[in-house]
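Here is a friendly walk through one structure. Have the viewer open as you read, and take the sections in any order you like.

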Amino acid sequence: MTSSRDFVREKPTWCPGCGDFGVLKAIQDAAADSGLSPEDMVMVSGIGCSGKITSYFRSYGFHSMHGRTLPVATGIRLANPALKVIAVGGDGDGYGIGLNHLIHAIRRNVDLTYIVMHNHVYGNTKGQTAPTSDVGYVSGSTPMGAIEEPVRPLSLALASGATFVAQGMAGNIRQLTRLIREGMAHEGFAFINVFSPCVTYDKKHTYAWYKERLVDLDECEGYDCTDPAAAFAKVTQHGELVTGLIHRRARPSFERQLPKHRFQERDGKRMALKDVMFEIFSE
Amino acid sequence: MGFQKNRRGAGALAKGEFGVSKTRDSRLIRIAGKTGEGVDSAGDILAHIAKESGLEVNTFRSFPPVIKGGNTHHDVRIGVRPVLCSGDDVDVLIALDGEQLARLKRDVAEDGWVLYDRDAVRDVPERKNWVGLPLKSTARSVGAPVMRNMVALGAVTRLAGLDGKRAAGIIRARFAAKGERVAEENRRAFEAGYRMHEPRMKPFLPRMSEAGAKEKDRLFLSGNEAMAFGALAADCKLFAGYPITPATDIMEWLAVRLPRFGGDVVQTEDEIAALCMVIGAQYAGVRAMTATSGPGISLMTEALGLSGMTETPAVIVNVQRPGPSAGMPTKHEQGDIQHMIFASHGEFSRIVLAPGTIGECFRDIVAAFHLADRHQCPVLVASDQDLALRKQTIDPSELDPENIAIDRGKLAAPGDGFRRYACTDDGISPRAFPGQEGMLFLASGDEHDEEGKIDVEIPEVRRRMVEKRMRKIRRVESESLRWYGNPAAHRVLVGCGSVTGVALEVLRRAPDWKFVQIRRLWPFPAREVEAALRGAERVAVAEHNEGGQLARLIRSELPIHERLRSIRKYDGTPFKPRELWEAMQG
């Protein structure tokens, strides 16, 4: 058995009060709860404050490039399906520079857990406007206020056909731990968006702000998370300010459906290769 | 280094190899029509008939970026000796319509033949060796007008002096998937063409057929196919890629076969994802590769640096085509030589291999996986459209999938104070893979110390890590160059990639030249090239780009500015032997 301490590497250098601490703790707890060992896990991160998490979470780690966590994580899964792979990034990473990969990873239903630390800003470069910033957000890059609509991560994931969609809050580690654990147990792509307040640059979306507004769907009687239309309606109704398991459905993972499973690996491969050569190139 | 097989032929040919002559030992047959009219399959079947007759074949497709209705032609060059490029003048042109006749007649040799569809082309002037055949009406009478390609094929098979009986089996195999009826109709269309009576058409290949009559065990494949097969032989387990001309064949070939050997082919959303997936898979311990062309290489440039910084192996094929931007997707160029060597911000070790023959395409993929594991860096394999797409008959010994040792390079042993990025003498550190006990480490695109811990504050760490990464390719064991021809020659032609084939054909009639083929572009084999060029009075570097990128590379590494001349072609088509020969005289 492992404890969450087994998953502690370096001491984080995030700003005191940063939501990312809660996300890190929840992943560590979820890993321990799931009975995993650090050797069985690979965490893949991108660039930004969120990207630093691979230095703090003890497992095999791959600190990749801005926006490229998902293709790197997919490659790891394809190479070794025995590994539990968690991809972690920020909202700039996942919904800005890497958004293309998110939609395609969802379509593929690769068996990995993707956690986005959503904080409405580009914290690591000192608070510029993010793809998730509100209209009117004033920053170094939008001194007159942002004029673009923010990305709606949950709606986007649902529209892309995600088989597991959840949303957590860094301040609610207990719920978040459970969501991550369920995400890791889910066959296929588990998408978990986490509100992770930036206490330094975002003075609007504070812990208190979220506490006042978030609706917990796990507590919502009669909510059917297996129905994507109901999920979409609910998420839209609350302006995406919900937490809990939003949608889950069963679909075989990408890895399980790969064509190689239809073939037995040939015996005596070297001989077979020569046969292949004459068979293909002499005809 | 050393003498190559083909040397026996140097200078042995009759005069007129590049002109019009009956003594040529090869013939070029061109089938021209619109895309979608079966020009490709007709050329392919002709090539197989020649191959089964014991002759050597080289085919080249010229095609537009139009799926249906664009002008296309398929060149089939047939010879008694290995045919290494698509040659000079056309000996037989088959024009399925007037447009083909108008645009291609200038390529036909003075004594060459033109066969055209007289049902489709009207008002053709009377010319010697120009023959109008009723292709369309004949095709209609045996099946459907769409089979006129097969009627034409039958006629040219007869004209060439090839054995028409060999066609039946080949046609049946070719159309098997479309059903027995289609196969039979196509065979009948071929027969009708073969039997077409035209007193002027005297078979011209019998001499060659006799020369090569003994059945030889030959393989017939393209550079792309050889590379795909190389990946299979090298135990590649993942191919991730995005469709792009002219590299797509590699993915499609592997998509059929890799799963049968326990591997996967994944079509990614873009080339960025393709190389990232390869890096992820390599990090997790399996051999993985991608293949692309210029626009894809541009997108992969970001991940090249990730491979370099995290010291994760990656194998990347670049089938060059004319750029910049979309350029000319279906045409030929070698314009990415500098890009492959220098692309990316920052500095790191990489290896760039340059195969020039079909056999080398196979061997270089195998070598690329080996070198990537050994040096833990990206290995690019520089192909080009001509090398990648033309199909050629080769001796089976060129591909040897049975004797390949899979060497994964330096691997960490358990329990000896594992440091993933240990600063060793050769800069290469022990690798471990996720899932292994006691080897936890972080691979990071950020600067890091020997353990993999991110560190950007200590100048000494930065200096040591940069130096460690850079010295990894100080000693690379791979074929760095080959030379062909007369060892005493004072004139040296230099080239790489597909220039090799045409250069070797030119060499057959140029006894006072030798050809130096650069087999590895990076790390540049300066010492070996210097030795090969020592004493040369004249050095001519032939390549397919405007800037003289290979010549520039040689100049930057060797002090031979005054003796070096640059021969450059950048119109989207490969050198013809005569063109190259004339440029060498200048």
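## Domains of chain B

How many Å separate the centres of domain 1 and domain 4 of chain B? Taken over C-alpha atoms in this predicted model, the distance is 34 Å. To find these parts in the viewer, note that chain B is divided into domain 1 (16–216), domain 2 (221–398), domain 3 (410–478) and domain 4 (481–585).

Domains 1 and 4 of chain B do meet: seven residues of domain 1 are in contact with ten residues of domain 4. On the domain 1 side of that contact, the residues divide into three nonpolar, two polar and two charged.

## The nonpolar cores

Now turn to the interior. In soluble globular proteins, nonpolar side chains tend to be buried together. Here the largest nonpolar core holds 242 residues. The members that touch the most other members are Ile76(A), Tyr114(A), Ile115(A), Ala152(B), Val156(B), Leu238(B) and Val278(B).

Leaving aside residues up to four places away in sequence, Ile76(A) touches Val42(A), Val44(A), Leu83(A) and Val85(A) in chain A, and Gly280(B), Ala281(B), Tyr283(B), Ala284(B) and Pro434(B) in chain B. Another core, of seven residues, lies apart from the largest one; among its members are Trp14(A), Cys18(A), Cys49(A) and Val121(A).

## Ile53 of chain A

Is Ile53(A) buried or exposed? Ile53(A) is buried, because 27 other C-beta atoms lie within 10 Å, and the cut-off for a buried residue is 20 or more. This residue lies in helix α2 (residues 53–56) of chain A.

Not counting residues up to four places away in sequence, Ile53(A) touches Asp20(A), Leu24(A), Met43(A), Ser45(A) and Val88(A). Tyr210(A) is 157 residues from Ile53(A) in sequence, and their C-alpha atoms are 23 Å apart in space.

## The two faces of helix α9

Which residues of helix α9 (residues 228–237) of chain A are buried? They are Ala231(A), Lys234(A) and Val235(A). Seen down the axis of α9(A), these buried residues fall within an arc of 95 degrees, so they line one face of the helix. An α-helix has 3.6 residues a turn, so residues three or four places apart point the same way.

The buried residues of α9(A) pack against α6 (153–159) and β10 (242–248) of chain A. On the face turned away from the buried side, α9(A) carries the exposed residues Ala229(A), Ala233(A) and Gln237(A). Just after α9(A) comes Gly239(A), with a positive phi of about 55 degrees.

Methods. Residues numbered from 1 in each chain as written. Chains lettered and ligands numbered in written order. Predicted model: local features only at pLDDT ≥ 70, side-chain atom pairs only at ≥ 80, totals over all residues. Helix = DSSP H or I, 4+ residues; strand = E, 2+ residues; numbered from the N terminus. Buried ≥ 20, exposed ≤ 12 C-beta atoms within 10 Å, placed from the backbone. Contact = placed C-beta atoms within 7 Å. Core = buried A, V, L, I, M, F, W, Y, C linked by C-beta atoms within 7 Å. Arc of directions from axis to C-beta. Domains from an automatic or database assignment. Nonpolar A, V, L, I, M, F, W, Y, C, P; charged D, E, K, R; others polar.
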